[in-house]
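Morning, everyone. I'd like to talk about salt bridges today. Let me put the model up.

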Amino acid sequence: MTTIARVETFLVAPRWLFVRVETASGLVGWGEATCEGRSETVRTAVEQLGELLVGRDALRIEDHWQVMTKGSFYRGGPILASAVAGLDQALWDIAGKHFGAPVHQLLGGPVRDRIRVYGWVGGDEPAEVRDHIAAAVESGLTAVKMNASGRMSAVASVAELDGVIERVAAAREVLGDERDVAVDFHGRFTLANARRIAPLLEPFRPFFLEEPVVPENSHLIGEFVRSTTTPVSTGERLYNRQEFLPVLQAGIAVAQPDLSHAGGITEVRKIAALAEVYDAQLAPHCPLGPIALAACLQVGFATPNYLIQEQSIGIHYNLGAEVLDYCLDKTPLTFSDGYVERLTAPGLGIDIDEHAVRTADKRGHAWRSPTWRHLDGSYAEW
């Protein structure tokens with residue numbers, strides 16, 4: 001039987017929330033409902049939504065998704081969308097195991113046999129940027145992403161602008177012409193600053209410029225798109241197709257939904273189809289754990305307009321556990337020459353070490369997002 005018998009959550013280091021769904025026949029599906037800095041709140045939401053699932057057929061994924069997202073008066077937002085995402089991933093994992101096929105096969109079959117991946121690199125000074133990117137290249141990556149800046153004044157000084165240019169120039173120097181660097185504005189720029197810096201970065205040919213304005217100012221992103229020839233990306237803090245529609249209409253080139261925030265596999269597939277209408281690519285946000293990464297890859301193997309996949313192996317957030325620590329077999333999520341090969345095992349394609357997860361949950365975590373302000377204290381930012 002595929003009747004859902006139990007829903008459990010596990011708060012594990014470094015900052016992740018795993019979801020376990022078990023059927024009456026003993027099939028187990030895993031999902032990741034991590035919402036960085038708010039996972040305890042999401043945990044409660046998963047427990048409440050789980051009440052809608054227990055006793056129901058796990059294979060009615062679309063029906064469950066519709067009920068979880070539209071069956072109550074108050075809808076949407078990062079907490080509920082993250083809770084739905086974790087449960088949705090787990091249901092797809094169960095479906096794949098039930099039918100003996102990887103999730104991408106259930107989504108229509110593979111359109112590619114490997115997916116390019118990138119990693120985040122830090123460094124406040126150009127010399128640090130060079131060292132970190134050299135290490136990333138040595139690990140086999142052919143693309144990286146870096147923050148454009150730290151805190152910025154609302155109207156940047158020449159020195160602040162030059163600092164951004166110097167860091168990106170250092171990145172290009174190490175990467176050469178064969179590798180890519182994406183530049184993440186991380187919502188730290190005002191529109192005025194973003195429009196000033198974008199043309200100055202064009203000689204370094206960034207892969208894309210990410211989140212040039214905060215998500216609540218998505219109505220302004222079209223002005224930024226028109227200020228540069230560089231592809232523009234956004235979406236890690238947008239949670240459904242309705243929120244992606246205006247930024248796609250404004251001309252972004254790359255949509256970046258997070259499969260642990262934007263309603264899981266079910267919704268992100270629909271966001272990908274919407275992006276295709278606007279000639280935009282998909283590059284899901286994923287500085288998270290192994291389940292989120294596997295879910296992203298399953299979508300990627302079945303999605304034509306899939307550009308590249310973020311992964312967080314070795315990222316500075318990973319204190320207390322690494323991405324592959326909760327996997328019984330690390331092989332499926334390792335990369336070679338900057339790519340991950342197609343996952344072929346049933347479900348999400350990875351085996352979770354349940355003992356390690358249950359042990360880690362006893363310790364838990366209390367990770368919190370840093371609090372940001374402009375240098376002049378004018379308003380909070382990320």
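The structure holds 21 salt bridges. By that I mean a side-chain nitrogen of Lys or Arg within 4 Å of a carboxyl oxygen of Asp or Glu. The model is predicted: local features need pLDDT of at least 70, side-chain atom pairs count only at pLDDT 80 or more, and totals for chains, interfaces and linings use all residues. Residues are numbered from 1 along each chain as its sequence is written, and side-chain values use heavy atoms, with hydrogens and water left out.

Start with Glu8 and Arg20. Their closest N and O atoms are 3.0 Å apart in a salt bridge. Glu8 sits in strand β1 (residues 4–12) and Arg20 in strand β2 (residues 16–23), so this pair ties together parts 12 residues apart in sequence. Strands here are DSSP runs of E, at least two residues; helices are runs of H or I, at least four; both are numbered from the N terminus. Glu8 and Arg20 are both buried. Buried means under 20% relative accessible area, exposed over 50%, partly exposed in between, with a 1.4 Å probe and protein chains only.

Glu8 and Arg20 also belong to a network of salt bridges, with Arg6, Glu22, Glu354 and Arg358.

Next, Lys145 and Glu310. This salt bridge has its closest N and O atoms 3.5 Å apart. It links distant parts of the chain: Lys145 is in strand β5 (residues 143–147), Glu310 in strand β11 (residues 309–310), 165 residues apart. Lys145 and Glu310 are buried.

Last pair. Arg195 and Glu223 meet through their side chains, 3.5 Å from N to O. Arg195 is partly exposed at 41% relative accessibility. Glu223 is partly exposed at 32%.
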